[in-house]
Amino acid sequence: MGWLRRLFFRERLEADLDKELRFHFESQVADKVRSGKPENEARCLTRIEFGGIEQIKEDCRERRGTMWLELLLQDVHYSLRQLRKSPGFTLTAVLTLALGIGATTAIFTLVQQVMLQSLPVTRPDQLWRIGFRPHCCEWAGYSEDQDDDAPGNWNLFPYEAYKLFRANTTGFQDLAALQAGNQPLAVRRAGSAGLPETVNGEFVSGNFFETLGVSAWRGRGLVDVDDREGAPPVAVMSFHAWLEKYGSDPSVVGATYQINGRAFTIVGVAPAGFIGANITSWGVPDLWMPVATEPLMFGKTARMKNPRVDWLDLIGRVRPGTDPRALQAELQGELHGWLASHVADMSPQERAVWQKQTLRVSPGGAGFSSLRRYYSESLLLLMVTACCVLLVACANIANLLLARGLRNRQQTAVRVALGASRGRLVRNALIESVTLSLIGGAASVAVAWAGARLILYLAFHTLEQRSWIPVQATPSAPVLLFGLGVSLLTGVIFGVAPAWMSSHAEPVEAMRGANREVGGGRHWAQKALVIAQVAVSLVLLSAAAMLGGSLRNLEHQNFGFDPEGRYLVSINSPILSGHKQEQLVPFYREIQDRLSAIPGVRDVSATTYAPMTDGQWSKDIRIQGKPEPGPKDDMSADWTRIMPRFFDTIGARMLAGRTITEDDNGNTQQVAVINEAFAKRFFGSQNPIGRHFGPAPVKNAGAYEIVGVVRNINYENDPARVMYYIPEAQTVHFDQLDLYTDELWSQNLSNIVIWAPRHPANIFMQVKKAMAEVDPNLMIYDIQPYTRVIQGTFDQQNMIASLTWLFGAVGLVLAAIGLYGVTAYGVEQRRSEIGVRMALGADRGSVVAMVLRGAFWQVGIGLGIGIPAAIGAGYLMSSQLFGVAPWNPLLLAGATVLLGLAALVAAVIPAQRAASTDPMRALRSE
């Protein structure tokens, strides 16, 4: 560590060196005096023999090994002094860099958490998951076709298949299962008289925590003995829930809680930072419960013992040296063996394709992240736009440094004439640019934090009303390192050109006339940077215009119903608050009656899933009287349950037949209303009224009689989805367990639609009061105007469009500043020429035209490059557009006009300044 001492105690070492050299010098002088020489002659001879004192000091410093670092620190100090002497330049540069680096770092803050972060577990590199794409939340049948690009590829599995894989797969050291999605739960401490609290739950296998290598913060985790039928019901609480909902109460561990009316013991609290292996945008688990407790909680609707219901994600820790391809082949054979044991239970379509079913294994270190799937394209697009802003910022700083270097080139030429090497000049210029970029990078941390908070608000503010999203705006260590790396990189990028030009200063030319410039042709580098800025800014503005147009089309499309004057109430299942299955129909009718009595409410209805709430179920159906379809025929249809008057309440128009009424109950024929897409696909031009259909297999084809056709209603931003609606009051007792389970599950209506066209005052409080009168234990998630529900559906698109507009505006301002700076500098350099022109008779208009012509020559070339680039960018992001063509002349023309106006404003100011030049003063200055 001697070099540290030599570096930080440099002044003491210099004093010691000076003292020692003077000692040796004086000793030699004394020796010569004693030999009889006069003192003056002795000093002169000693000085000749000794050599230059400063040269000796330089040799000593070089032998210390810290000379390069000392010179570097000197250059940094010099750069800081120069920056302090130019506060206007420094402030402009720092703000520009803070915007460019901060925007990029803000996006990377989310990219790192959503796309790059591994689970906080032991050796995440050893984790592999079965499947390659996360799905929510279950799939029915012995074949999976969830992915258009990979049909027949399994991602979800039934509990029976999991047990088989765990017992027989030699490549896994251990294999765990977890529920794909969350389970809403009503939780209340045993003996408490308070209302139950709705939390997110997740069923996991007993070895879940052991497989991931996670130890409990308090108590213990789940173990295999907990995951057996008949074992005492237990659960593990998340650290976040323990901290936020229970105030870090240590008595939680070991306490008994009523979960959906069943007594569970909390045996442990998970460690801080652990949120499970399934990272979703709709919340993370607050409780983990053994899979074996699912039948206890849900009885005959449980999925654990139903081999036709795929509802589990599987993740395992592989043994050292395991080949993933061999592991995949082993699992493939086990899957086919399991499917072969269920051929007798398969439908004809499943028998035709079961041998073609496949699965993949994929790295599981990041868990099952639906956030990554849903937001990866958006974040990638935003990262590209932020990098474009950073490029414009770099070009701006490079222009500022070039102008500064050209203004100081006489001083640089003097340094060259006095012996300064070109390497030293390049180093000085690069160190100044890197120092500037590091200061800008430090300032960008605040911009990145604010930007990340803005992005999180735009992306998740609707979801955060109901659940906690595990994404933070605070920059982590990797993010800060990323910001440092970007700062250094930008410093080098925008410092190269000024450094090169500084090192090539010609002393004779510069000292002959440092500030004289005719024509401005030498500054091609500055003009090239302005051209690049214009091109990139046009791409940003065009992208913002297209994304803004797409968002406008999404929000104002024809949804098939009228959201105006409608409100949506989201509730949890009444079963969670103690109601029995047979009590659901009268319970919802009482809610309907109480809410209808509120003054100003015209109608009320309820449904399992309302339009634009991102949820409905799908089934393969069979039409009575039609033959069994082929394996490639698409027979899928989405469905939901509704209460009477639903279509009137939601504002949807019936096209034929009748709607669901109060007479459609358990004592009458089971009926259904279909949408026009259903009628078109399965009946063509035939009249569907009176026809029958049902869920596969074909023996159920007579389950429902079609009594009406409704206009297509937009559910998941897809108005053409085939769909049917069945009454809440009717239940079909199917022989198939999964179908009957769905019948019972679907009777839990989670959405209530209220039509109050006059927007009564205090409607939210009145709705809550009426609901509490029906059942004070019923949890209400939220009450929203339906227009806000639709806006929330497009939060991601709104985030992309808003940020792209913001980035486009920043790029536009930076490009205008760059054009202004180059034009103003050119005017300053050509002041003598302009004075001569005006002295020879040029008027103000011709001078203004000359300056504007030079500025718009650069803008024109930039537009010539930017327009094709903008068209190409439109095609690259076509998947993000709705109702907007990638090549949209109107939007592109609008972006071009906006950029042209900004350029005009930026160029007019220096042009007016040039026109006000006094010819006599300009000539006198020469």
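1. A crossing of two helices is left-handed if the near helix is turned anticlockwise from the far one by less than a right angle, and right-handed if clockwise. Helix 26 passes helix 27 in a right-handed crossing. This is a predicted model: local features need pLDDT of at least 70, side-chain atom pairs count only at pLDDT 80 or more, and totals for chains, interfaces and linings use all residues. Residues are numbered from 1 along each chain as its sequence is written, and side-chain values use heavy atoms, without hydrogens and water.

2. Helices (H or I, at least four residues) and strands (E, at least two) are DSSP runs, numbered from the N terminus.

3. Ile-834, Arg-837 and Met-838 of helix 26 meet Arg-844, Val-847 and Met-850 of helix 27 (contact: heavy atoms within 4.5 Å). Four of these contact residues are nonpolar, two are charged and none is polar. Nonpolar covers Ala, Val, Leu, Ile, Met, Phe, Trp, Tyr, Cys and Pro; charged covers Asp, Glu, Lys and Arg; the others, Gly among them, are polar.

4. Ser-378 sits in helix 13 (residues 370-407). Ser-378 is buried, at 1% relative accessible area. Buried means under 20%, exposed over 50%, partly exposed in between (1.4 Å probe, protein chains only). Leaving out residues up to four places away in sequence, Ser-378 touches Gln-796, Met-799, Ile-800 and Gln-880.

5. In helix 21 (residues 676-683), the buried residues include Phe-678, Phe-682 and Phe-683. The helix's buried residues pack against several strands, among them strand 20 (617-623) and strand 23 (671-675). Gly-684 follows helix 21, with a positive phi near 60°.
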